Amino acid sequence: MVLSIFRKRHEAVDITPLPGPLEAAAAAASGVDQFENLKQFEKAHKLDPNLPIDDLTDVDAAIATGNAEKGIEIEHALMEDNSPYPEVRAVVRNFDVDLPANTIRAWVIGLLLCTIGSGVNMLFSLRNPSVTITTYVVQLIAYPIGLGWDLVMPDREWNLFGLKFNLKPGKFNYKEHVVIVAMSNAAYGGGVLYATDVLIAQQLFYGQNFGWAFQLLFGITTLCTGYGLAGLARRFLVWPAAMIWPSDLVNCALFYTLHDHSSSDPTKTNGWRIGRYRWFLYVVAGGFVWYWFPGWIFKGLSYFTWICWIAPKSVTINKLFGGQTGYGLMPTSFDWTVYSGYLQSPLIPPFHAIANVLVGIIVFFVCISMGIHFTGTWYADYFPVQSSESYDNTGAVYNVSRILDANFQFNETAYKEYSPLFLPTQFAMAYGLSFAAVTAVIVHVGLYHGQEIWKQFKLARHQEDDVHMRLMKKYRDAEDWWYLALFVVMLAISFGVVAGYPTGFPAWAFVICMLLPIIWVIPIGLVQAITNIQLGLNVLTEFIIGYMVPGRPMAMMMFKNYGYVCMGQALYFAQDLKLGHYMKVPPRVMFSSQLVASIWSAIVQICVMNWALGHIPNVCSEDQENNYTCPGGRVFYTASVIWGAIGPARIFSSGAIYSSLQWFWLVGAITPVITWMLARKWPRSLWRYVCTPLIYGGSNMLPPATVYIYLCWGMAGTVFNYFIKRRYTGWWLQYNYITSAALDCGLILSTLVIFFTLYLTSANDPDWWGNNAALHTLDMTRQAISKNVTAGQTIGPSSWP
């Protein structure tokens, strides 16, 4: 067992897989063995929602008829020659080209873009509104930079103290391009360094500054602890063919499109001849031009709630059809930001994932929520249907400063004199569904994937192969002990950060904190790899630390940072490892490039943060003249007070207003068992596609996302990934993912231009109805409230926990 977990492979060798569902069949001498292996394949993929039903039907037919020749033919078609998944076959090549990846060109361009992106993102994260340089921007910019490098640098071998290298080892290729993008993904693929929000809240609102050493170590461990965890989990999340990681397919399509300008075969694309590269350029240009309308000229196109325009002062109409604070029952938008801003592109997830999310939205956030809201439950009449804010018993936004003393510590007497915490209906429902999702994902993965996880744990790199795994075995692997050593070192440093400074974070609580990503990274990673939707641990971490160490806001922030962000970073790294797997980039190159980029990015972001705090006048004040108000740090500070000071016990425990939401823990644990039993009984029915973690947790971006946004996203995804995919399969396989990338790139480029040319220059948008009256409905001004609290009066209980 030990040898299978910690193997030593210092040279690239061919590894013969242990007999499994596929490999043994090709070598088996008897038809009995062949069909036994085919049966094992059918058993392993019986409830795989991404494997086409027709393929499973063919497998069943071959087994039922005893047709050995047909069985071998099916096996080769599904695994030997290519991936069993049509989405992967459409964009990922089933062969490898011997190209250099670990080049000076890739490292220089990668670190340059990593530095610029990290610094710019950190600086503008302090501003409201903000702008973000995404990895799509890096993927686009890196291509002309690489081509420009080829024009400038000489093609000759240099010798520096015995070290030979070439600045231009052939044309700039897609493997170098992948390394550059992987470095940027590792640096800021998940957004700005999460630890900076903690540090800003700590310095500005709690008056604590532990110095540069604390900040740097805190930032580096936030990123790199997750990397070690991702590497240890790659046998479960990266190597299996079933872990398709749909977002990676978009990146793969864009890489090949940029480096291959060939035309399309109309016999395979429903008659379309245009090449993917040209199609990409057309869509990018169209998206760039179009976004000027909803982004600047006619902002009413974003939330196109025309019914609210007809009755802008009707509370009921704005509650039912409003896109910002209502139920959004008329989801129509002409702004790609609405479709992809919070939830990523709707063209990426498979339809079964979209359907599960929509079921959760409609059942819980429309039907049940309406019953709760319009009956006045939880004092809902006094608050909007949806908001990211919490409220007090006068209907005003909760003023956390009123429950803190001069040292920013929780003052229980002041809390009792002020108000309990009230949540809008959708916000409260979101917490309940978060509870359900946390338990559902553990039970669901245990039932649906438990046997495969155990088998993969035992077989390690000898597990069932698809063509991509076999091609990757020509490269030396990054050893398991590398990732384990990185994880242990980062844990040790994190322990020193927590225990070596007066953070109020007990050492024993840190141990529990790190158990959360260790336990949940594989279950949540499996769901994301199959569906492209990530479930979060943010609510769970806030909940646990609030009960364990109440009244310590700084401990709460650090617990959330290590418990939640560590797992999120691990999944970003795992996704990039799969990208390297698809593009056949050597694993050791991926390991070194991601690790170096992570450490360097953390250093850059901490430096930029400290420069901004020390050189921008009145930075983080609410009336800062250039809008550097530090919105992320403020949100983190408010959350630290609510969860770290007030604590979940005063919000959800017995006697509290929202205590009934605790039943969702049990609901989440029971329902996966029911759906699993139904799927086992009717494996070809609708039940095989039901995923309870997605039903409960697919809405984890709500709030700040809204029902309106989810419905728009779901409608677009249904059109592309159900109707178009079924009717125009050839077009979908050729153009769907590149269309998604093009729409995102056009939007990002247009956003950057508008931000730097108009917003930063304080230009005024066009003064007309589309930018004025259309944005002044009760919904858009967040005033769609049924009742207002009378001056001098309060709502809610007279006493509270």
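**Exercises on a predicted model**

In this predicted model, residues 24 or more positions apart account for 80% of those contacts in the chain that have a separation of 6 or more.

**Exercise 1.** Determine whether the radius of gyration of the chain agrees with that of a compact globule.

*Solution.* The chain has 801 residues, and for this number a compact globule would have a radius of gyration near 28 Å. The value for the chain is 27 Å, which therefore agrees. The C-alpha trace spans about 85 × 70 × 60 Å along its principal axes. As to composition, the chain holds 33 helices and two strands, and 57% of its residues count as buried.

**Exercise 2.** Classify Ser264 as buried or exposed, and describe its surroundings.

*Solution.* First, locate the residue: Ser264 lies in the loop between helix H13 (246-259) and H14. Next, apply the cut-off: buried means under 20% relative accessible area. Ser264 has 8% relative accessibility and therefore counts as buried. Finally, examine its partners. A polar atom of the Ser264 side chain lies 2.9 Å from the backbone oxygen of Ile274, and the side chain also makes a polar contact with that of Tyr735 (3.1 Å). Other residues that Ser264 touches include Trp272, Arg273 and Gln734.

**Exercise 3.** Identify which helices each supply at least two residues of the nonpolar surface patch.

*Solution.* Begin with the members: Val289, Trp290, Phe293, Ile297, Phe334, Trp768 and Trp769 form the patch, with about 650 Å² of accessible area together. Then assign them to helices: Val289, for instance, lies in helix H14.

Methods:
Residues numbered from 1 in each chain as written. Heavy atoms only, no water. Patch = residues over 30% accessible without salt bridge, like charges linked within 9 Å, V, L, I, M, F, W, Y side chains within 5 Å. Areas by Shrake-Rupley, 256 points an atom, 1.4 Å probe, with all protein chains shown as cover. Salt bridge = Lys/Arg side-chain N within 4 Å of Asp/Glu carboxyl O. Helix = DSSP H or I, 4+ residues; strand = E, 2+ residues; numbered from the N terminus. Rg over C-alpha atoms; globule rule 2.2 N^0.38 Å. Buried < 20%, exposed > 50% of the residue type's maximum accessible area, 1.4 Å probe, protein only. Contact = heavy atoms within 4.5 Å. Polar contact = N/O pair within 3.5 Å; in protein donor to acceptor, adjacent residues only side chain to side chain. Lists of a residue's contacts leave out its neighbours within four places in sequence.
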